[in-house]
Amino acid sequence: MHEFSLAESLLKVALEEAEKHGASRILRIRVRAGKLMGVVPELLDFAVKSLSEGTIAEGAVLELEEVEFKGHCRNCGAHFSVEDFWEVCPRCGSDEIDISGGNEFDLIGLEIEEGEIEDGNKGCKEDP
């Protein structure tokens, strides 16, 4: 359940960016996550909702875009999307595959309301 640590990092960046742009509230958070990250969307959403309580991100909608990883066959040179680690080349059937991509986790957009940020409502919830 690494979604809480991902959510914590995501919220830190989102809140910093929102503050730079004078946001009073974050309405939507857009994220791109590679499938190799193994993110469970429901758990990430729950983690963001939990950690954003009391911040300007509370109630924000999380949009997650999953990015597949790619395979390159060393035998025939084919490039293709990979669904799992046990994939073989769809062209020649070789298991000599190099995997690339799919391990990103990026904040790609924020929808904000501009305005003043009230004191005590700027960052992630602190640990008790």
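Guide: What follows is an account of helix α2 and the parts of the chain around α2. The model is a predicted one, and every value below is computed from it.

The setting may be given first. The secondary structure of the protein consists of two helices and six strands, and along the sequence these elements follow the pattern α-β-α-β-β-β-β-β. Of the 128 residues, 31% count as buried. Among contacts between residues at least 6 apart in sequence, 74% join residues at least 24 apart.

Helix α2 comprises residues 41–51, and its buried residues are Leu-44, Ala-47, Val-48, Ser-50 and Leu-51. Viewed down the axis of α2, these buried residues fall within an arc of 165°, so they line one face of the helix. The elements that cover them include helix α1 (3–20) and the strands β1 (23–34), β2 (61–67) and β6 (105–114).

The helical partner, α1, may be taken next. The axes of α1 and α2 come within 8 Å and cross at roughly 55°; the two helices are therefore oblique to each other. Their crossing is right-handed. On the α1 side, the residues that meet α2 are Glu-3, Phe-4, Leu-6, Ala-7, Glu-8, Leu-10 and Leu-11. On the α2 side, the residues that meet α1 are Leu-43, Leu-44, Phe-46, Ala-47, Val-48, Ser-50 and Leu-51.

The ring centres of Phe-4 and Phe-46 lie 6.0 Å apart with their planes at 75°, and because planes over 60 degrees apart count as edge-to-face, the pair is edge-to-face. The pair links distant parts of the chain, since Phe-4 belongs to helix α1 and Phe-46 to helix α2, 42 residues apart. Phe-4 is partly exposed, with a relative accessible area of 27%. Phe-46 is likewise partly exposed, with a relative accessible area of 48%.

Val-40 is partly exposed, at a relative accessible area of 34%. Val-40 and Glu-3 are 37 residues apart in sequence, and their C-alpha atoms are 7.4 Å apart in space.

Leaving aside neighbours within four places in sequence, Leu-62 is in contact with Leu-10, Ile-29, Val-31, Leu-44, Asp-45 and Val-48. Leu-62 and Val-48 are 14 residues apart in sequence and 7.9 Å apart in space, C-alpha to C-alpha.

Leu-64 is also found in strand β2. At 26% relative accessibility, Leu-64 counts as partly exposed. Not counting residues up to four places away in sequence, Leu-64 touches Val-31, Ala-33, Val-39, Pro-41 and Leu-44. Leu-64 and Leu-107 are 43 residues apart in sequence, with 9.5 Å between their C-alpha atoms.

Note on methods: Residues are numbered from 1 along each chain as its sequence is written. This is a predicted model: local features need pLDDT of at least 70, side-chain atom pairs count only at pLDDT 80 or more; totals for chains, interfaces and linings use all residues. Side-chain values use heavy atoms; hydrogens and water are left out. Buried means under 20% relative accessible area, exposed over 50%, partly exposed in between (1.4 Å probe, protein chains only). Helices (H or I, at least four residues) and strands (E, at least two) are DSSP runs, numbered from the N terminus. The arc is that of the directions from the helix axis to the C-beta atoms. Contact means heavy atoms within 4.5 Å. Rings of Phe, Tyr and Trp (its six-membered ring) pair if their centres lie within 6.5 Å; planes under 30 degrees apart count as stacked, over 60 as edge-to-face and the rest as tilted. Axes are lines fitted to C-alpha atoms, for helices over the stretch in contact, and angles run from 0 to 180 degrees between N-to-C directions. Angles under 35 degrees count as roughly parallel, over 145 as roughly antiparallel, 65 to 115 as roughly perpendicular and the rest as oblique. A crossing is left-handed if the near helix is turned anticlockwise from the far one by less than a right angle, and right-handed if clockwise.
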